[in-house]
Amino acid sequence: MKSSNCIFLGWLFILLFHSASAQSLKFAFISDTHIGNPTAAEDLRRTVLDVNANPLLEFAVITGDVTEFGSDEELKLAKQILDSLSKPWYIIAGNHDSNWSESGSNSFRRVFGGETFSLVKGGYLFVGTSSGPNMRMGPGQIPRENIVWLDSVLSNMRDPGMPIIYLNHYPQDSAQNNWYEALDRLKKTNVQLVLCGHGHSNKRFSVEGIPSVMGRSNLRAKDSVGGYTIVTIANSKAIFEERKLGLDGLRKWAEVDMFNHQFTKDTTKYFRPSFAVNEKFNKVKLLWEYQDQSDIGAGTASSKKFVFATDTKGLVYALNKNDGKRAWMFKTGGKIYSTPAVEGDYLTVGSSDNFIYCLSASSGKLIWKYEALKPVLGSPVIKGNQVFVGSSDGHFRSLDLKSGKLLWDFDDVKGFVVTKPLIYEGIIYFGCWANDFYALDIKNGKLIWKWNNGALNRMFSPAACYPVAAKGKVFIVAPDRYMTAFNAKTGEVIWRKQMKDVRVRESMGLSEDSSLVYVKTMDGELYGISTAASDMDLAWKASLKLPYELTPSTLIENNGVVFIPSHSGLASAIDRSSGKVLWQYKTSNCLMNPIMPLDKNKVIVSTMDGKIACLEYSYSN
C-alpha cells in the first residue's frame, strides 16, 4: 500500500491536469463496502487514505451495504475504519445491513448515530434514507419511519426551491417496493439527482425523468484494487470519475446536467402499483384499516376483544377487533420483529432492547420482563405455563408464563434466532443464522439433535422459516432452495431435495389435516408436499400464479381456505379442495407478514409499511 505522503503527491500531480473552479463542490461517493468480505476492510482502509490525501474532497457519502451480514462486529469495524476519515462523512444502510442484522437494525442506528441524514453543501440539500426490508427477505423498501422523516425534512425546508440530491441504497425503481413513495414527494421539489449503490457497477440512468447514478462497489472483486467515485458539481453539471486505488489518474465516465425539472408541471404518467384486483373479487371486502407510522415487521395475535401488533418504533399495541382503533400501547426500547403470543391475559413478545416482555392483554400494563444479553428477535410460543423464545445472544430459553422466572436455558446456539419455534411431541425445534437447526427436549432444554446444512454462507441458513411437523417428520425450507424432511426424534435426514421447477424458499405451512406441507415457490406457485411419502412428493398444486416471489411469511390454512401472503402486499385465498383462487386483496405494495385468521370469515393482514387491515370474506362459489 502507498503511504499517505505518496498518495498526497499523486493527487498534486492529478490536480495540475484537473480543472476545477474554486467554488466547485467535490465529494467522495463510496458504496457497497461489504465489511466482512475477505478484502473489504483493506479496500476501505485504502479508500480512507486516498480520500484524506485529496485536499479538494469536502466530504464523503456512503450509500449502503456497509457490511456483509449486518453483524455488530462488522458494523464496529466499519465505524472504526470510517472514523479515520479526516473529512465529514454521511452514511445510510443497505439491505445487507438490515436483512441479516443480529440487533434488529438497532446497532446501525446506534453505531453511526442514525439511519438517515440531511445536510446542505454548496447550495444543495443532500438527503439520504436507508433501505431494507429490515429483517425480512424481499425487494428493497424504504422504512416507513424514513418516509415520515423525509416528509418532515422536505416540508420544513427554509428555501423550497433549493436543489436536492437524494441518496438511497437501491435504484429508485420497482426493485424497491415503495420507490414511488419517495419519488412522489421528491418530484414536488427541485430534485436534480439521485445517487445509489446496490448494483456494484458504474451506471447512469433515469428514473421518471430524474437523472440517477449508481456507484461502483468499493470492493476490488476480481480486480487487483478497489475503488470509489469522485463527484464534482460545477457550472450546472455533475461529473463522475472513477478512482481506482493505487493507480494514478481518474476515469471520467458520466456527466449529468443539473437543473430544475419542474416535475409539478409534468403530466407524464409513470408506472404505479395497481389495486384494481380489489374490484375484481366480490367475495372479500375491507372492514377497517390502521396505518402505523413505522414498519410492522412481524405477525399479529388476537384475543376475544383485540388484535395485537408490534412495530419498529418499539411499540406493542392493541387494536379493537371491531373498528381497528387503538385501545392501548406499550413502549419498549428497541425495534420489534417478534410476533406476540397470547394466552389468557398474558401477552408475551421479544424486543431488540434485549428484553422479553409479558404484558396484560387487556390493559397493556407490564407484568414482568426478562433481560437477555442481546436483542430478542425470535417470536415466542406458549405451551401450558411456559414461554419459549430464542434470541441473538446464543441462548434459547423457557420462562414461566406468570412470573417470568427462568425455567431452563440452552446456551449453545451458534447464531441468532429470528424464527417462531415449533413444538411437536415433546420436542421444540428452531433454526438460526449459522446454518444450524436444533431439536431440544421441551422439559429441560437438553439438546436431542442438531443438524447443519453444510453451507459456507450464513445466508443459506434455515433461520427464517417456521418449521412444521406431521407423521413423525419435521420439515424445513431455506434460502439455499432445498426442502428437507427429518425424522422428528432422531434428526435423520429422510429426504432433502432441490428441484429445478420447484424453487422453494422460506415460505411454508401445514394443512389443517396435516397431510400436506404447503410451499410457495420463488416463481409464485403453491404446492402441497405429502407428509406421508418417503420422498418429496408433489401431491397437490394450486392454480395460483404470482410474479417472482420472495416473502418468507408462513402459510396458513383455516376452515378449508389457504391464505398466501406476498412480497407486494397481495393476500390470496385458495380453496383447499380445488386449488382454485377464491379471492385476492391488495392492501399495499410492501412485504406482507403472516396472515392471521380472526373469525370464521375474517382475517387480519399486515404489511411492512405499517398497514394493518381486517378483511371479511364469503365462502360461496
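# Exercises: helix packing, backbone and voids

**Exercise 1. At what angle do H6 and helix H7 (residues 179-186) pack, and how far apart are their axes?**

Solution. 
- Step 1. In this predicted model, H6 packs against helix H7 (residues 179-186) at an angle of about 5°. Their axes are 11 Å apart.
- Step 2. Angles under 35 degrees count as roughly parallel. H6 and H7 are therefore roughly parallel to each other.
- Step 3. Now take the contact. H6 brings Ile147, Leu150, Asp151 and Leu154. H7 meets them with Glu181, Ala182, Arg185 and Leu186.
- Step 4. Sort this contact by class: five nonpolar, no polar and three charged residues.

**Exercise 2. Describe the packing of H2 and H3: angle, hand and contact residues.**

Solution. 
- Step 1. Helix H2 spans residues 40-53 and helix H3 spans residues 72-82. Their axes come within 9 Å. The crossing angle is roughly 20°.
- Step 2. Assign the hand. H2 and H3 cross in a right-handed sense.
- Step 3. List the contact. On H2 the residues are Ala41, Leu44, Arg45 and Val48. On H3 they are Leu77, Ile81 and Leu82.
- Step 4. By class, the contact of H2 with H3 has six nonpolar residues, no polar ones and one charged.

**Exercise 3. Which residues does the cis peptide bond join, and where is Pro133 placed?**

Solution. 
- Step 1. Start from the background. Most peptide bonds are trans, and most residues other than glycine have a negative phi.
- Step 2. Check omega. The bond between Gly132 and Pro133 is cis, with omega about 10°.
- Step 3. Pro133 sits in the loop between strand S5 (124-128) and helix H6 (144-155).
- Step 4. Check phi at His34. His34 is not a glycine, yet its phi is positive, about 50°.

**Exercise 4. What is the volume of the largest pocket, and which residues are the closest to its centre?**

Solution. 
- Step 1. The largest pocket has a volume of about 760 Å³.
- Step 2. Its lining takes in 28 residues. Closest to the centre are Lys420, Tyr466, Thr554, Leu555 and Ile556.
- Step 3. Several strands each supply at least two lining residues, among them S14 (301-302), S18 (341-343), S34 (504-510) and S42 (596-599).
- Step 4. Classify the lining of the largest pocket: 20 nonpolar, six polar and two charged.

**Exercise 5. Characterise the second largest pocket by volume and lining.**

Solution. 
- Step 1. The volume of the second largest pocket is about 400 Å³.
- Step 2. This pocket is lined by 20 residues. Nearest its centre lie Pro547, His567, Ser568, Lys586 and Asn589.
- Step 3. The classes in this lining are 10 nonpolar, seven polar and three charged.

**Exercise 6. How many cavities of 30 Å³ or more does a search of the whole structure find?**

Solution. 
- Step 1. The search finds three cavities of 30 Å³ or more.
- Step 2. Take the largest cavity. It holds about 290 Å³ of space. Its lining has 26 residues, with Met135, Arg136, Val418, Ala464 and Pro552 nearest the centre.
- Step 3. The lining of the largest cavity divides into 15 nonpolar, eight polar and three charged residues.
- Step 4. Take the second largest cavity. Its volume is about 60 Å³. Residues that line it include Asp97, Phe108, Glu115, Asn134, Pro143 and Lys335.
- Step 5. Classify the lining of the second largest cavity: three nonpolar, five polar and three charged.

Key. Residues numbered from 1 in each chain as written. Predicted model: local features only at pLDDT ≥ 70, side-chain atom pairs only at ≥ 80, totals over all residues. Heavy atoms only, no water. 1 Å grid on protein atoms, 1.4 Å probe; cavity = no way out; pocket = protein on both sides within 12 Å on 5 of 7 lines; lining within 4 Å. Points joined across faces, edges and corners; volume = space filled by probe spheres on them. Helix = DSSP H or I, 4+ residues; strand = E, 2+ residues; numbered from the N terminus. Nonpolar A, V, L, I, M, F, W, Y, C, P; charged D, E, K, R; others polar. Axes fitted to C-alpha atoms, helices over the stretch in contact; angles between N-to-C directions. Left-handed = near helix turned anticlockwise from the far one by under 90°. Contact = heavy atoms within 4.5 Å. Parallel < 35°, antiparallel > 145°, perpendicular 65-115°, else oblique.
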